[in-house]
Amino acid sequence: MRSHRFSRRTFFRGAGVTMALPWLESVPVWGDDTRLPASEPPVRLAVLFSGNGFHTDEWWAKGAGREMELGKVLAPLSEFREKMYFFNGLYNEEALKGNIHSSQTGNLLSGAPLAAGGEIRSGTSFDQIVAQRYGQSTKVPSLVLACERANPGIHKNYSMLYSSHISWSSPTSPSPLELYPALAFDRLFGDGAERGDKSVLDAVLTEANRFRGQVSSSDRRTLDEYLASVREVEQRIDRAGKKGELQGWRPAIGKPSMKRPADGIPQDLGEHMRLMCDIAVLAFQTDSTRVCTLKLNNDHSYLRFPHLQVDDVGHHELSHRNNADFLKVNQFFLGQFAYIARKLEATREGGRTLLENSMLLYCSSMRSGRHDAKNLPAVLLGRAGGKLHGSGVVDYSAKPNRQMCRLYLSLLGKCGLAMKQFGDATEPLLEL
Amino acid sequence: MKPRSAFGILLASSLCAAAHAQPRGDFSALATGYATGAHPLLRQFCHNCHSAAARAGNLDLTRFATLSDVRSAAKTWVKVSEVLGQGEMPPKGAPQPSPEQRTRLREWIGQYLRAEAWANAGDPGPVNLRRLNNAEYTYTVQDLTGAPLYPAREFPADSAAGEGFTNAGNALPMSPALFGKYLDAGKELAAHAVLLPDGFRFSRHATRRDWTDEILAEIRGLYSQYTSASELGVGDAVGNVNVHRDTRLGQAGRIPLDRYFAALLAERAALRAGRKTAAQVARQYGLSERYLARLWTALNDPARSPVFDELRLRWRASGPTGAESMAATVAAMQKGLWVFAPVGLIGRQGGPKQWMEAVSPLVAEQEIRYRIAPDTGRDTVLWLSLGSAGDGAEGDIAILDRPRLVATGAPDILLRGHAEATGLDPKLFADGDSLTLRAPAVLKITLPDRLAAGLEFVTTVRLDGKAGREGSIQVNLTTAASAPAAGLLPSEVSVNYSKVTQVFSDKRDLSFVRPILVNEGSAARRRMEASMEAFRDLFPAAVCYPQIVPVDEVLTLTLFHREDGHLTRLLAGEAQRARLDRLWEELHFVSQSPLHQLTALEMLIETFEGNGVADRSQHKAIEPLREPTRQRAEAFRRHLVEAEAKQLDALAAFAGRAYRRPVTAAESSELRELYQRLRAQDLSHEDAFRRTLARVFVASPFLYRIEKVPETGSSAPVSDWELATRLSYFLWSSEPDEELKAAAAKGMLRRPAALRAQARRMLADARVRRLATEFASQWLHIHEFDTQGDKSGKYFPGFVDLRGDMYEESIRFFTDLFQRDGSLIDLLDARHTFLNERMAAFYGLKPNGAGWRRYDGVRAAGRGGILGFAATLAKQSGASRTSPILRGNWVSEVLLGEKLPRPPKEVPQLPADETATEGLTMRELVTRHTSEPMCAACHQKIDPFGYALEGFDAIGRRRTHDLAGRPVDTRTTLPDGREIDGIDGLRQYLLKTRFDEFLRQFCRKLLGYAAGREVQLSDEPLLAEMKTSLARNHYRSSVLIDMIVESRQFREIRGDEASRQAAQRR
């Protein structure tokens, strides 16, 4: 029974998953083929991120439902007020311990402590926990998209890898960012596998296994990461070869409804982001993946916005200005979020819309350009396949137990992963 | 078990020697010191907050009850020492130790850390298995393939760890998505492999068409080394066969004779006097040695020869400027000695044998014709001259057969009957209607209008059968008075194809202007023929068919036509001849031309057969091609199959290069097994080969720098191959080259002198630019500066175009420093830099020539060393303003390695634009900003450095006023009260007062880069030794490199047991 639920592959993954296993084992989970009613569409999870926070005066919400009032940054979301939660006062304790910027992002979705100095260590992010549990069911376990390339170097004793990655597939491995719309598209729809690929992968697996016995125990862990990656690609080839196995429920769209984007990164930032959003939506519509993170920019971002006539400074400096231009850029970011939500809302899936079958989280590493990480901005859209009912402001600023990870525990639960603990949280948010 | 090398022992003992100089710690004394001195102080002043319960700053100091507890967490005590040193702890408001107590505590911690450092000195440290980062992967692929390929273009960007470099193993994770990219990249690389008869190589291209063009270009390149380039003219139709006239006439592929003659004329005296050899002259003028020598001999040959005489005459008579007329003489003569044919006709029935064929303009008789216009209204005068063809007049007795006027439909008018009217001497008609003349002679013939209008003058000239048996003459008909030529007149041949069809011509007529008349079978003819042969031998009209592909012909089955026999015979050296043969072999192999040719021929034959009887003649014409083409294709197929085994051998050898060590027999046979498995899946040889090649590019021993763990458990030297790899990735960010591998194979790298020699050789190599790019620019935080664009387009519109040049300056500076083993003092104190014209102008210097050059004396322009790089100054600025804080912090952290406490959160912000500052300068604003008490302590340390650099704007341009037009102030007071002014003041301060720290920081960073990890406590003895050694050796950069590559850290790897023990020490 258990061996049925947990594939051999799961055990090859990084330490992050083996840590998650005990909780997984103890609960019946959604997505388990023996329990899930085959006619139910799955819950999709998307996390959008932008760095450096928002305008100090214009990130707020009041009330609930249709009467909900929104600050100007959130104006693009007003049509979704009845399916929206606004969170106030949650934070990650560990993010307060390190430096500004570089140690506020790498653990945003895990709440894990970040190693300083030359080391790289965070925690498996909650989106990747979901991907690792359900990834086998879809062509791609998760999409990790970005519109700004990772920052190199080290900032104040913390690798800037931290400020560029929110998704971590293991505590030592940030999920690589896909910046190219065409390549993201290919991952979803390209029939990448060619005759003979499996033999090639088998050969390098055999070879790497031989070296496992000859290297130090720490190097062996690195080789295991390689082995797990090769196996994953191999399995993907297997999955690509098997089609039409789905019973009952079918995705809204069978084939991609857009043409493959041009190679390279679009010159126009707006176009780049729009394409990435389209691909995320298409991934959900076709059920090619159920988990997607989209990093619109880095924390400590150098991105500029010539298409908004905001061209004289990069995003990081802009956040310190906290002016009308910054507000314009904030709204542009939230506009992407609304764009995804709108497209999902327009897609019917079973008795609901695809937005109602999804959870879309928007978050940032700090409240504003003042590096304040003790009140993380977060907005959630969607109904999680009917598991979310309310709407409005969830305010913890004056309450105890303000762990951001409580929100993640809730979202994991809605995905069917009822875990007893995640990061520094031991209970989900009661409001959800 | 690995034998411990002599080197290791040697180094260890030298370390011991140094250890004696620096007393090793006595841990039992330290234990007592802790119990009686340090621990009570900690209890009194620290334990209150740093307790197991409170854990302030995440630190519990109560768990360190004894020295052995302390020793289990040495890293924590490094931190404690830093915090105490900065006076941060105990915090304000808490009870403070007395100065004496503070000193006692710091001294004990210092002694302990020194002892701990020495106890583990040389520890290789925890080095994570290193995957090639994007830069290393790209460099390695480029070195392996020799092709400018960028397979990592679309990889995720690298991150940094360790000492801040992207080559640290723990910053290089692997994931399915990334592996997927490697797999794609591996296949892409394999698609660039060009299969060859005896192996394979890589090309920048990935299609057969492009590979073919590449080879063609190289062949043409070789050809053009020896021939004058000539643009081919417009096509010229010969029947249906369209031929470039110029190709046909050999305008292309000619020897540049004017250059040869010019060289010989200019150096004639020197050659005659033996001051120079022909070979020397050839080298001096860039000409073929062989050919120049031959020309020299031929020109100076005293023998007479009708064909050569004119040229030799000019040679003897010409001054230094006679080259062109000499060349013209040869060219004129060639026009009668060679013909060119359409390549497409070669091999067909009635077709030519080759593109350029020899002809001799020798005839037994020559018909002379001249048509008189009907309406000239005046008499026509013709001058018929008979020359003796340059070989004397003996036997030159000619007969002009029945000179006459011919009209259609009327009887011929014999001139004999009109001797008076034509002015011909009747005595010449001794033999009836024909004339007899002895050359040299000129015959003036007047043709009266009333007699000749609209008719044609005709006669046939030949030598008299008896008296003229051994004669030789040349006839020339002109309408102006002329004298017979003294020498041989150049003939001119023309070709006429009659009945040219789609595929063949059944008849080709040659005709000559000014042929030479000699009798068949005469000795005169043989002499003339020999003389022409000698001339052709030395002066082929063309030496190669440079077009190679006869695309200008309507129908040809020939894909590539090789005709370069004269080039290889006369001009090319041994190596070039071999190269040409090789290239032609590759051309046919790569293009698979024999197979294509057969297909084309079969299609053609099928077409004709389908057309029935009408095309039977065409069919017949190409039938002779059928069998040889088929045989060639068959042979080629066999050749392809034979090549397969050799290609697989080459693939196994390639895997060894990719793995940076010889492959084992097992690995080699695994590769072949994979290939066989793929073939069994119905993949063609080529597909299976490429897939097997892609496998090498995604293999763990290629992507990772795998190093075997010592079986002993303790730290031990890495193998020779592993050391070679460490060395080459350190200095070149790429695989070891052949020479380094040869040294590794011989076990040479275990000898310090040989290791040093390799490092020196590698430092001098151009590839050391990668060390400059990967190490130096990452250290200075300007890595990939050329792609970073956060500058205001409003204030700095030129920045985007200039940033690549700014980056290049810094890379060239470091490349040069490493290459010429420069002094590390130059990093700060250089008086030179490297600039192109644009950068020179940007710095306000007068450009001194085109392209990148070294500029000396750049101090006057405020430059010299890393402080003055536009790239570093711009990087540490805002988009629209300078940032004294960023620049100051950069000097403090990056250059001096100072560790400052973290800035507090919730700090007030500065405006982003230096013009919008309410009348204050950036400096005034920063001063106001940082004078707040919570900021002042640190900012007093860093800001003054930044103020000193205020003389440069946000893109590193020198300035005296800011963007709002206010003067900038570059005078500043350092924390120690010292006053400095501007970049020069800062430079002097760093050199005189802080050089030790600067040097230590550079050593630390380079060591961290080399080792791929953070520098740790046990590296301190090495760092200390570096400092002393550098000071003794004029701070030469090679001293540092030597010490790193000879260190245990660099040469050894931790065993598992050593790692376990180290983990306990953390």
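User: Leaving aside neighbours within four places in sequence, which residues is Ala870(B) in contact with?

Analyst: This is a predicted model. In it, Ala870(B) lies in helix α33 of chain B, residues 870-875. Leaving out neighbours within four places in sequence, the contacts of Ala870(B) are Met806(B), Glu809(B), Phe842(B), Ile955(B) and Gly956(B).

User: Does Ala870(B) count as buried or exposed, and why?

Analyst: A residue is buried if 20 or more other C-beta atoms lie within 10 Å of its own. Ala870(B) has 29 C-beta neighbours inside 10 Å, so the residue counts as buried.

User: How many Å apart in space are Ala870(B) and Asp953(B), C-alpha to C-alpha?

Analyst: In sequence, 83 residues separate Ala870(B) from Asp953(B). In space, the C-alpha to C-alpha distance between Ala870(B) and Asp953(B) is 9.4 Å.

User: Which element gives the largest share of the side of chain B that touches chain A?

Analyst: The contact takes 68 residues from chain B and 62 residues from chain A. On the side of chain B, the elements that give two or more residues are α7 (176-190), α23 (665-680), α24 (685-697), α25 (700-703) and α42 (1056-1065). The residues of that side divide into 27 nonpolar, 22 polar and 19 charged. The largest share, six residues, comes from α7(B).

User: Which residues does Leu360(A) touch, not counting residues up to four places away in sequence?

Analyst: Not counting residues up to four places away in sequence, Leu360(A) touches Ala46(A), Phe337(A), Ile340(A), Ala341(A), Leu380(A), Leu381(A) and Gly382(A).

User: What percentage of the residues of chain A count as buried?

Analyst: Chain A has 12 helices and 15 strands. Among its contacts between residues at least 6 apart in sequence, 70% join residues at least 24 apart. Of the 432 residues of chain A, the share that counts as buried is 56%.

User: Over which residues of chain A is the pLDDT below 50?

Analyst: Chain A averages a pLDDT of 85, and 88% of the residues score at least 70. Where pLDDT is low, the predicted coordinates should not be read in detail. In chain A, the stretch with pLDDT below 50 is residues 1-37.

Terms used
Residues numbered from 1 in each chain as written. Chains lettered and ligands numbered in written order. Predicted model: local features only at pLDDT ≥ 70, side-chain atom pairs only at ≥ 80, totals over all residues. Helix = DSSP H or I, 4+ residues; strand = E, 2+ residues; numbered from the N terminus. Buried ≥ 20, exposed ≤ 12 C-beta atoms within 10 Å, placed from the backbone. Contact = placed C-beta atoms within 7 Å. pLDDT = per-residue confidence, 0-100. Nonpolar A, V, L, I, M, F, W, Y, C, P; charged D, E, K, R; others polar.
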